[in-house]
Amino acid sequence: MTHEANANREYQRRIMHVDTTIETNLFGLSWPLRHRVVPNAATRRWCRDDGRAKALPTAPNTMSRPMSVLGYLDAGALLRPQSPDRPLFTPLAPVAEMPDSWVDRAALYAGETARRISEITSAEQAVKDLSPC
């Protein structure tokens, strides 16, 4: 996780303090495949214990499969109406210019190794840390 990333700062903070991630299909409007995320208010409200989305959010996700154009639309306009109380969730993650409160309505992508992240570093340092020499 780097300073140069365009991720929302609260999103980054949650990754640094994550205990677990879940595999879910909740954030699947136009992209109904499973994905791994940091749990938030939306996943606590709309996911089963195994991470699968409940029936209500699953139906629109499945019907929207052919609409894989969301990535070309304004992310803010798509995330703004989302709420943990409403079962329509796009696969968009919160970026830097979005309000911190939006992290509870958006996909907080993070792999299983997110628990090993304890700081935000520069991209240059991250590359050095990954280099074998």
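**Exercise 1.** How many helices and strands are there in the chain?

*Solution.* Before counting, note that this is a predicted model, in which local features need pLDDT of at least 70 and side-chain atom pairs count only at pLDDT 80 or more, while totals for chains, interfaces and linings use all residues. Residues are numbered from 1 along each chain as its sequence is written, and side-chain values use heavy atoms, with hydrogens and water left out.

Step 1: Helices (H or I, at least four residues) and strands (E, at least two) are DSSP runs, numbered from the N terminus.
Step 2: Counting them gives 5 helices and 2 strands.
Step 3: Along the sequence, their pattern reads α-β-β-α-α-α-α.

**Exercise 2.** Find the salt-bridge partner of Arg-13, and say where both residues lie.

*Solution.* 
Step 1: A salt bridge needs a side-chain nitrogen of Lys or Arg within 4 Å of a carboxyl oxygen of Asp or Glu. By this rule there are 8 salt bridges.
Step 2: Arg-13 pairs with Glu-10, at 2.8 Å from N to O.
Step 3: Both residues sit in helix α1 (residues 9–16), 3 residues apart, which is about one turn of the helix.
Step 4: Now check the cover, where buried means under 20% relative accessible area, exposed over 50%, and partly exposed in between (1.4 Å probe, protein chains only). Glu-10 is buried at 15%, whereas Arg-13 is partly exposed at 37%.

**Exercise 3.** Work out which parts of the chain are tied together by Arg-14 and Asp-104.

*Solution.* 
Step 1: The closest N and O atoms of Arg-14 and Asp-104 are 3.0 Å apart, and the two residues form a salt bridge.
Step 2: Arg-14 lies in helix α1 and Asp-104 in the loop between α4 (75–79) and α5 (123–130), so the pair ties together parts that are 90 residues apart in sequence.
Step 3: With a relative accessibility of 18%, Arg-14 counts as buried.

**Exercise 4.** Describe the salt bridge between Arg-36 and Glu-112.

*Solution.* 
Step 1: Their side chains meet at 3.4 Å, N to O.
Step 2: Arg-36 belongs to strand β2 (residues 35–37) and Glu-112 to the loop between α4 and α5, so this pair links distant parts of the chain, 76 residues apart.
Step 3: Arg-36 is partly exposed at 24%, while Glu-112 is exposed at 53%.
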